[in-house]
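Visitor: I am new to this structure. Please show me how to read its features.

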Amino acid sequence: MRSTVVAGARSCLVAFLIVAVLNFPAAAASAAPLGMVLASQNARLDNAVATNGANVYPGDALSTGSGGSLRLKIGSSQVFLLSASAATLVRQENKIQAKVDRGILGFSMAAPSQLEIATPLGVVRAASSRRVYGLVAVLSPTRMQVSAKEGTLIVAAANGAEKLIEPGETYEANLTAIAGSPDVGPQGVGSDRINWKRVAGLLIVAGGAATVAAIIWHEETESCSVPSSCD
């Protein structure tokens, strides 16, 4: 009787190991890196210090401390986290989504169809297939600012409302305190939850926006000094 039980247990163990081995390639494929760290200062990748060249996998927590910064390469695009910011990368169908929890994220999208920015108040993406770069500042769970430096951006709210942000414009989104009190944005976009308000000038939050703009401008200038990189 005992030998029968032992034999049965061994058979179950062997079957478990076979299934695990067969599923290993699929699990490895799903865990393919989404990006790579290009530069970091006072930044963390999950529970470790972010180092140059480190791979970023789906769901990895990205964060910067006070005065810190983190620059990532995602395919042909780049994103930048400034001081006291947090984000994660996830795969959303056929594109990668950078989910910003707090702070300021700058982005340069060479292939806009491959990347979008998710925030507590909506998803930011390019309005066309042309190169774009800009800034998103999540100031609180109910307030954010979006600035288009080059190219037109779209902010799509959870309730279906969309807002176009033209190059050189900065907009602020607020979650209204009173439900059912619709506000109409400057371009006629109505919402019972989000109040779109145009903010004069470019986004400046603790000096961070100017820093990101300078980094992005430098990257765009340097990359486009080589004709093949601008195709």
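**Reading the salt bridges**

Guide: Start with one residue. Glu162 is partly exposed, with 38% relative accessible area. Here buried means under 20% relative accessible area, exposed over 50%, and partly exposed in between (1.4 Å probe, protein chains only). This is a predicted model: local features need pLDDT of at least 70, side-chain atom pairs count only at pLDDT 80 or more, and totals for chains, interfaces and linings use all residues. Residues are numbered from 1 along each chain as its sequence is written, and side-chain values use heavy atoms, with hydrogens and water left out.

Visitor: Which side chain meets Glu162 in a salt bridge?

Guide: A salt bridge is a side-chain nitrogen of Lys or Arg within 4 Å of a carboxyl oxygen of Asp or Glu. For Glu162 the partner is Arg125, at 3.1 Å from N to O. Arg125 sits in strand S9 (residues 122-126) and Glu162 in strand S13 (residues 162-165), so the bridge ties together parts 37 residues apart in sequence. Arg125 is partly exposed too, at 25%.

Visitor: How are strands assigned and numbered?

Guide: Helices (H or I, at least four residues) and strands (E, at least two) are DSSP runs, numbered from the N terminus. This chain has 2 helices and 17 strands.

Visitor: How many salt bridges does the structure hold?

Guide: It holds 3. Another joins Arg143 and Glu172, with the closest N and O atoms 3.1 Å apart. Arg143 belongs to strand S11 (residues 143-150) and Glu172 to strand S14 (residues 170-175), so this pair ties together parts 29 residues apart in sequence.

Visitor: Is Glu172 buried or exposed?

Guide: Glu172 counts as buried, at 11% relative accessibility.

Visitor: Which residue forms a salt bridge with Lys95?

Guide: Glu116 does, and the closest N and O atoms are 3.6 Å apart. The pair links distant parts of the chain: Lys95 in strand S7 (residues 95-109) and Glu116 in strand S8 (residues 115-119), 21 residues apart. Glu116 counts as buried, at 9% relative accessibility.

Visitor: Now the whole chain. What share of the residues is buried?

Guide: Buried residues make up 39% of the 231 residues. For surface, accessible areas come from the Shrake-Rupley method with a 1.4 Å probe; for residues, only the protein chains shown count as cover. The chain exposes about 12100 Å², and carbon and sulfur atoms supply 58% of that.
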